[in-house]
Amino acid sequence: MLNTTPLVTLLASRAHDSFFNASGELLREQEGGPALYIERVFRAEHLLYVLHTPPSVQVSLTVQDNEEIGTVERASSPLVLSYESFQTPFLFISTILDDFNLSGIESYRGSIFLDIQGYVRDPANPFRKRLWDNFSTIAPAFFCIKGTAEEMATLPHKAVADMQQRGIVLVTRGKEGCEVFAHGIHQKLAPPRVIKTTTTVGAGDTFFAHFFVRFSATHNVMESAQFALLYTSHFLAEIKI
């Protein structure tokens with residue numbers, strides 16, 4: 001019998017991305033945002049989910065020397081949700097800014113996977129980071145967090161160290177792969193191949209989504225991270241700007 005029960009509730013942002021070169025010339029426009037890349041993975045893997053998403057935002061990106069700078073035009077205030085009402089065993093969160101108010105998230109009764117990227121971006125300058133001082137207050141609610149090394153540095157050290165012991169912390173390091181901290185175990189994993197590309201937009205969400213898909217099926221952390229690195233390499237190889 002076909003299973004029609006959603007496995008995960010997805011809280012993710014949508015965007016319209018405009019890419020410019022250093023001279024200000026428009027290179028490409030496309031739909032984007034975490035929701036696009038995560039849904040693409042979930043659908044390809046036939047994973048059932050429930051999506052909550054705020055109004056789409058406009059993102060302007062200038063690609064220069066393999067770095068991305070730009071602006072985000074926010075469309076609304078952070079959405080307030082009733083987390084205790086979610087019935088799926090997993091909750092997956094990935095945003096552009098702090099698009100969902102996380103107050104009360106500890107009332108959710110399943111396992112939460114959080115990409116910290118949107119919550120450590122400075123709304124006044126989204127391509128700079130800000131300290132997430134009150135992360136310690138809600139950190140016990142999360143089962144797994146993911147971010148770059150720069151993003152992880154914005155969190156209180158003790159809260160991250162505690163998560164490394166009791167849960168999963170994924171630190172992505174670009175062409176070097178990722179670091180995995182899981183229940184007191186630490187391992188560095190290299191990608192199967194290094195892909196040279198002008199932009200990595202969508203790579204982090206692709207990685208995290210693949211990690212979740214594999215982990216939800218196997219509960220094997222290291223295998224899931226290797227699986228995610230493999231499919232992120234495939235994703236990067238297909239980028240064309």
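**Basis**

The model is predicted, so local features need pLDDT of at least 70 and side-chain atom pairs count only at pLDDT 80 or more, while totals for chains, interfaces and linings use all residues. Residues are numbered from 1 along each chain as its sequence is written, and side-chain values use heavy atoms, with hydrogens and water left out.

**Overall build**

The protein has 6 helices and 16 strands. Both are DSSP runs numbered from the N terminus: helices are H or I with at least four residues, strands are E with at least two. The radius of gyration is 17 Å, close to the 18 Å from the globule rule for 241 residues, so the protein is as compact as a globular protein of that length. That radius is taken over C-alpha atoms, and the rule is 2.2 Å times the number of residues to the power 0.38. Along the principal axes, the C-alpha atoms fill a box of roughly 50 × 45 × 40 Å.

Of the 241 residues, 48% count as buried. Buried means under 20% relative accessible area, exposed means over 50%, and partly exposed lies in between (1.4 Å probe, protein chains only). The accessible surface comes to about 11,800 Å², and carbon and sulfur atoms hold 52% of that. Areas come from the Shrake-Rupley method with a 1.4 Å probe; for residues, only the protein chains shown count as cover.

Contact means heavy atoms within 4.5 Å. Among contacts in the protein with a separation of 6 or more, 57% join residues 24 or more positions apart.

**Helix pairs**

Two packed helices are described by the angle between their axes and the distance between the axes. Axes are lines fitted to C-alpha atoms, for helices over the stretch in contact, and angles run from 0 to 180 degrees between N-to-C directions.

| Helix pair | Axis distance | Angle |
|---|---|---|
| α1 (residues 34-44) and α5 (residues 203-218) | within 9 Å | roughly 35 degrees |
| α5 and α6 (residues 221-237) | 8 Å | about 145 degrees |

α1 passes α5 in a right-handed crossing. On the α1 side, the contact is made by Pro34, Tyr37, Ile38, Val41 and Phe42; α5 brings Asp205, Thr206, Ala209, His210, Phe212 and Val213. By class, this contact has 8 nonpolar, 2 polar and 1 charged residues. Ala, Val, Leu, Ile, Met, Phe, Trp, Tyr, Cys and Pro count as nonpolar, Asp, Glu, Lys and Arg as charged, and the others, Gly among them, as polar.

The crossing of α5 and α6 is right-handed. A crossing is right-handed if the near helix is turned clockwise from the far one by less than a right angle, and left-handed if anticlockwise. In α5, the residues that meet α6 include Phe207, Phe211 and Phe215; their partners in α6 include Phe227, Leu229 and Phe235. The residues of this contact divide into 12 nonpolar, 5 polar and 2 charged.

**Single residues**

Ser216 lies in helix α5. Its relative accessibility is 16%, so Ser216 counts as buried. Leaving out residues up to four places away in sequence, Ser216 touches Leu7, Leu47 and Phe90.

Val120 sits in the loop between β10 (111-115) and β11 (121-122). At 0% relative accessibility, Val120 is buried. Beyond four places in sequence, Val120 touches Arg128, Lys129, Arg130, Trp132, Glu151, Thr154 and Leu155.

Thr62 is in strand β5 (residues 57-64). With a relative accessible area of 22%, Thr62 is partly exposed.
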